[in-house]
Protein chains: 2
Amino acid sequence: MTTLHGYFRSSAAYRVRIALNLKGLEHDLVPVNLVKGENRGDAYRALNPQGLVPVLETEEGVPLTQSLAICEYLDERYPTPALLPDNLEERARVRALAQLVACEMHPLNNLRVLKYLVGELDVSEQDKLSWYRHWVIEGFDALESMLTPAAGTGDFCHGDTPTLADLCLVPQVFNAERFECDLAAYPTIQRITANCRALEAFRLAAPGEQPDAN
Amino acid sequence: MTTLHGYFRSSAAYRVRIALNLKGLEHDLVPVNLVKGENRGDAYRALNPQGLVPVLETEEGVPLTQSLAICEYLDERYPTPALLPDNLEERARVRALAQLVACEMHPLNNLRVLKYLVGELDVSEQDKLSWYRHWVIEGFDALESMLTPAAGTGDFCHGDTPTLADLCLVPQVFNAERFECDLAAYPTIQRITANCRALEAFRLAAPGEQPDAN
């Protein structure tokens with residue numbers, strides 16, 4: 001059985017949960033409490049030296065790290081339904097949309113970074129919030145302008161079925177809402193997010209639906 | 001002809017330069033001066049709304065963004081020599097190593113983030129340097145521990161030919177050296193970097209070799 005080690009509020013784990021659900025893959029969920037520092041313990045470090053979630057243990061027990069690498073693995077191993085289009089330029093577009101979130105937005109706003117800002121740099125609560133919103137706005141401005149005029153955009157970020165890009169978008173929107181970012185300027189992002197959330201695969205992957213969400 | 005829009009010191013452009021060289025692809029280089037803000041101009045924004053480098057224009061003139069998406073595109077379109085292994089778990093390992101650099105280290109230390117720390121949060125030069133080194137140490141500690149005990153590691157991050165992981169590693173090491181980070185604790189990273197730098201594809205991609213490096 002495939003096993004996902006994650007944390008209910010981790011965006012990266014959330015992406016993998018959506019992928020597992022879209023693929024209809026049975027799996028075990030093992031919660032790793034980041035707030036209690038369980039990810040820093042020896043047992044977890046043996047799975048992932050970086051101490052980050054998620055880790056996916058394959059059916060053969062091989063631990064895989066980094067959410068996008070895990071999603072690409074799942075897509076290669078269990079190809080239906082596909083998380084990437086067939087056409088090479090379209091694949092590049094989907095990956096670029098996913099990476100815009102995963103490489104430009106999420107890394108700046110995750111827990112360990114916010115902790116460093118407050119703990120090491122004495123940044124005020126208000127400045128931390130401004131930092132957070134700054135990178136959300138910068139990222140979503142770009143994402144919206146890549147999505148809105150593009151022929152590739154459909155009901156979802158690319159076409160009319162969910163792709164790797166939607167797996168990244170929805171957790172990022174969840175986070176932005178949690179930090180009360182104003183999303184009024186992003187009608188396309190909002191439309192696509194609503195379409196995703198109407199699907200059971202996304203709904204069941206949401207943080208509030210996880211066993212450790214208490 | 002394939003065209004790369006980049007900046008000599010951009011890690012992300014550096015990765016793509018290495019990929020183009022390894023593949024032996026003839027290409028044009030168009031410098032975009034980030035310090036002068038050329039990436040914020042309308043002409044460049046038309047290519048990439050996010051205003052980041054690099055952009056790769058394909059042979060057909062399609063603009064692609066995000067360095068890892070571009071490298072995967074190049075690998076799919078021009079498969080030899082391959083930047084990813086065939087085996088699915090090995091592909092996941094290479095992508096995870098690449099993403100450890102591209103999603104966990106580089107985003108925290110690039111120019112726009114350092115500018116925000118100094119300009120918006122009034123962080124001192126010394127604290128900026130500590131921030132920089134903190135994320136290098138955190139990332140390289142993890143990378144070294146993923147590389148050193150692993151059977152997959154060879155002359156390069158994975159096996160005995162360069163992969164996507166090495167494309168990310170070498171620019172990150174270049175940056176770490178530029179910010180005078182102490183790399184003594186990372187013998188495997190240093191060994192692999194030296195092996196990469198011995199190859200012409202890596203040497204010619206280095207920032208100092210670029211036309212805009214003045």
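Across the interface of chain B and chain A of this predicted model, the rule finds 16 residue pairs in polar contact, both residues being at pLDDT 80 or more; a polar contact is a pair of N or O atoms within 3.5 Å, where within protein one must be able to donate a hydrogen and the other to accept it, and residues adjacent in sequence count only if both atoms are side-chain atoms. The rule also finds 13 salt bridges across this interface, a salt bridge being a side-chain nitrogen of Lys or Arg within 4 Å of a carboxyl oxygen of Asp or Glu. One of the salt bridges joins B:Arg95 and A:Glu72, whose closest N and O atoms are 3.5 Å apart.

The table gives totals for the interface.

| Item | Value |
|---|---|
| Residues of chain B in contact with chain A (heavy atoms within 4.5 Å) | 43 residues |
| Residues of chain A in contact with chain B | 43 residues |
| Area buried between chain B and chain A (accessible area, 1.4 Å probe, lost on being put together, summed over both) | about 4,100 Å² |
| Share of that area from carbon and sulfur atoms | 62% |

Residues are numbered from 1 along each chain as its sequence is written, and chains are lettered from A in the order in which they are written. Because the model is predicted, local features need pLDDT of at least 70 and side-chain atom pairs count only at pLDDT 80 or more, whereas totals for chains, interfaces and linings use all residues, and side-chain values use heavy atoms, with hydrogens and water left out.

Definitions and conventions: Buried area is the accessible area (1.4 Å probe) that two parts lose on being put together, summed over both.
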